[in-house]
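Trainee: I would like to go through this model with you. Can we start with charges, then take rings and pockets?

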Amino acid sequence: MSGGGCLMEVQERSVAALQESMAQGESSAVEFCEAYLERIEEFDRAGPKLRSVIEVNPDALEIAAELDRERLERGPRGPLHGIPILVKDNIDSADRMMTTAGSLALEGNIAPRDAFVVSRLRAAGAVLLGKTNLSEWANFRSQRSTSGWSSRGGQVRNPYALDRSPCGSSSGSGVAAAASLAAATVGTETDGSIVCPSAANGVVGIKPTIGLVSRSGIVPISHSQDTAGPMARTVEDAATLLTALAGYDPRDPVTQEGVGKEADYRTCLDEGGLEGARLGVARTYFGKHERVDEVIEEAIGRLEVLGAEIVDPVYVGDLSLFMEPEREILHYEFKADLNAYLAEHPGARVRNLEEVIAFNEANADRVMPYFRQERHELAQGKGDLSEQAYLEAKAECLRLARTEGIDKAVREYRLDAIIAPTTTLPWLIDLIGGDRSPGGCSSPAAMAGYPHITVPAGYAYGLPVGLSFFSGPYRECDLVRYAYAFEQATRVRRPPTYLEHADLG
């Protein structure tokens with residue numbers, strides 16, 4: 001296939017469009033994989049040098065060919081049959097690709113078995129095209145880190161303005177989805193790492209309820225807050241991917257809570273889905289940039305036109321109170337959870353957090369040229385998960401985010417969901433000074449373990465702005481419905497521009 005033809009064939013094409021093309025015999029999984037691989041070469045490694053893909057699957061074309069044969073002989077397994085998907089490089093795949101969390105300390109780590117979400121993708125017939133770059137250790141190494149930078153993969157760049165942050169830590173997944181380097185991608189979030197890079201790169205991101213999607217086989221930060229989730233150019237594609245990812249995994253006991261609550265999220269797609277929805281505006285998350293506020297105010301107006309009842313304002317907790325107990329939990333759980341993960345990965349050169357810290361110090365010129373590892377060191381200094389300080393912090397997080405936060409707001413204001421700007425505009429990449437983001441609205445849903453979806457709402461200076469919907473546990477279907485109705489009525493998303501700088505004209 002010619003390069004130009006491939007680039008035109010897959011850019012901005014939906015999962016359903018790719019599936020229909022294969023069903024009609026117009027194209028094949030092999031051809032789509034070839035097209036995406038050409039785009040990765042063109043945009044990620046040459047051209048704009050997005051650096052969003054850290055590794056491609058050397059067996060992708062062979063897998064695609066087998067899926068093409070299966071389609072001819074037995075028909076497709078479902079909507080993801082033959083569809084190329086990229087997953088974040090903290091998600092295990094038992095193949096010839098490494099799982100490193102972007103860290104040179106884990107270079108060479110070949111997982112002994114697939115993460116549950118990878119096994120779900122393979123069972124659905126998806127082609128694992130490769131791994132995406134990320135903020136090293138999912139942005140949990142330094143207090144002065146730069147989103148999208150890893151010692152293994154370098155700096156991911158925002159495709160709308162190459163000098164702007166892609167946000168972290170699922171930066172590569174957000175950029176790769178935006179730039180059509182795969183049909184869709186999978187990211188992970190502890191607090192903001194799906195929704196922020198989705199908003200910053202003009203795509204849809206879904207952070208599921210803790211318990212809906214398994215965490216087994218994913219390099220951890222916190223079992224209280226970690227989850228994988230879909231990132232895609234449309235709500236429909238994200239819903240299709242979430243359907244495949246959700247499910248019970250005996251290796252992750254929390255997924256027992258999600259049994260019977262998962263769904264085919266494509267059935268939630270309803271253009272009239274905002275009619276009668278009662279949405280609360282969380283004003284706490286406004287006022288960080290006037291142009292972002294203008295875009296979101298216009299979005300709120302559209303929500304009303306589409307039949308939503310707007311409750312403005314609503315209170316979902318004091319963000320300043322969230323930070324300290326959340327940090328305490330993450331430091332305790334990072335040490336315990338990472339040590340448990342590494343104990344199950346004999347291919348890793350480091351066996352625990354202490355050895356990770358020692359490796360980083362011994363290789364500081366390559367691993368820590370811009371920022372160090374204060375978070376690692378703070379975590380290493382913590383005790384076990386029976387300590388009172390940890391138990392108190394966990395109880396405080398749940399009180400603030402659930403009891404006195406989302407649960408209280410939903411009950412007292414009689415809400416179906418809460419809305420807010422997802423984050424501010426992407427800031428300038430600064431490897432020396434680190435991130436300069438004033439934050440976004442991710443913390444309440446992240447700390448509560450509740451679902452959160454972001455959808456493109458518009459642009460300012462050519463940079464994407466995201467609109468967030470979040471609510472109580474297992475309300476994914478409702479959030480997908482609201483986001484889809486808004487998306488279909490506005491259709492604001494446009495492809496990346498690959499400008500060197502933001503459009504200030």
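Trainee: How many salt bridges does the structure hold?

Mentor: This is a predicted model, so local features need pLDDT of at least 70, side-chain atom pairs count only at pLDDT 80 or more, and totals for chains, interfaces and linings use all residues. Residues are numbered from 1 along each chain as its sequence is written, and side-chain values use heavy atoms, with hydrogens and water left out. A salt bridge needs a side-chain nitrogen of Lys or Arg within 4 Å of a carboxyl oxygen of Asp or Glu. By that rule the number of salt bridges is 27.

Trainee: Which residues are linked with Arg74 in a network of salt bridges?

Mentor: Start with arginine 74 and glutamate 70, whose closest N and O atoms are 3.7 Å apart. Glutamate 73 also forms a salt bridge with arginine 74, at 4.0 Å. The network links Arg74 with Glu70, Glu73 and Arg77.

Trainee: Is glutamate 70 buried or exposed?

Mentor: Buried means under 20% relative accessible area, exposed over 50%, and partly exposed in between (1.4 Å probe, protein chains only). Arginine 74 has 62%, so arginine 74 is exposed. Glutamate 70 has 9%, so glutamate 70 is buried.

Trainee: In which helix do glutamate 396 and arginine 399 both lie?

Mentor: Helices are DSSP runs (H or I, at least four residues), as are strands (E, at least two), numbered from the N terminus. Glutamate 396 and arginine 399 form a salt bridge, with closest N and O atoms 2.9 Å apart. They are three residues apart, about one turn, in helix α15.

Trainee: Now the rings. What type of pair do tryptophan 137 and phenylalanine 334 form?

Mentor: Rings of Phe, Tyr and Trp (its six-membered ring) pair if their centres lie within 6.5 Å; planes under 30 degrees apart count as stacked, over 60 as edge-to-face and the rest as tilted. The search of the whole structure finds eight aromatic pairs. Here the centres are 6.4 Å apart and the planes are at 85°, so the pair is edge-to-face.

Trainee: How many residues apart in sequence are the parts that this pair ties together?

Mentor: Tryptophan 137 is buried at 2%, and phenylalanine 334 is buried at 0%. Tryptophan 137 lies in helix α6 (residues 136-139) and phenylalanine 334 in helix α11 (residues 319-343), so the parts tied together are 197 residues apart.

Trainee: What type of pair do tyrosine 332 and tyrosine 390 form?

Mentor: Tyrosine 332 is buried at 3%, and tyrosine 390 is buried at 3%. Their ring centres are 5.5 Å apart and their planes are at 50°, so the pair is tilted.

Trainee: Which element gives the largest share of the lining of the largest pocket?

Mentor: On a 1 Å grid over the protein atoms alone, a pocket is an open set of points where a 1.4 Å probe fits, with protein on both sides within 12 Å along at least five of seven lines; lining residues have an atom within 4 Å of a point. The largest pocket has 39 lining residues, with Asn139, Asp191, Glu326, Arg375 and Gly439 nearest its centre. The elements that give two or more residues are α6, α8 (195-200) and α11. The largest share, six residues, comes from α11.

Trainee: Which element gives the most to the lining of the second largest pocket?

Mentor: The second largest pocket is lined by 25 residues, including Arg215 and Ser216. At least two residues each come from β6 (184-189), β8 (227-232) and α11. The most, three residues, comes from α11.
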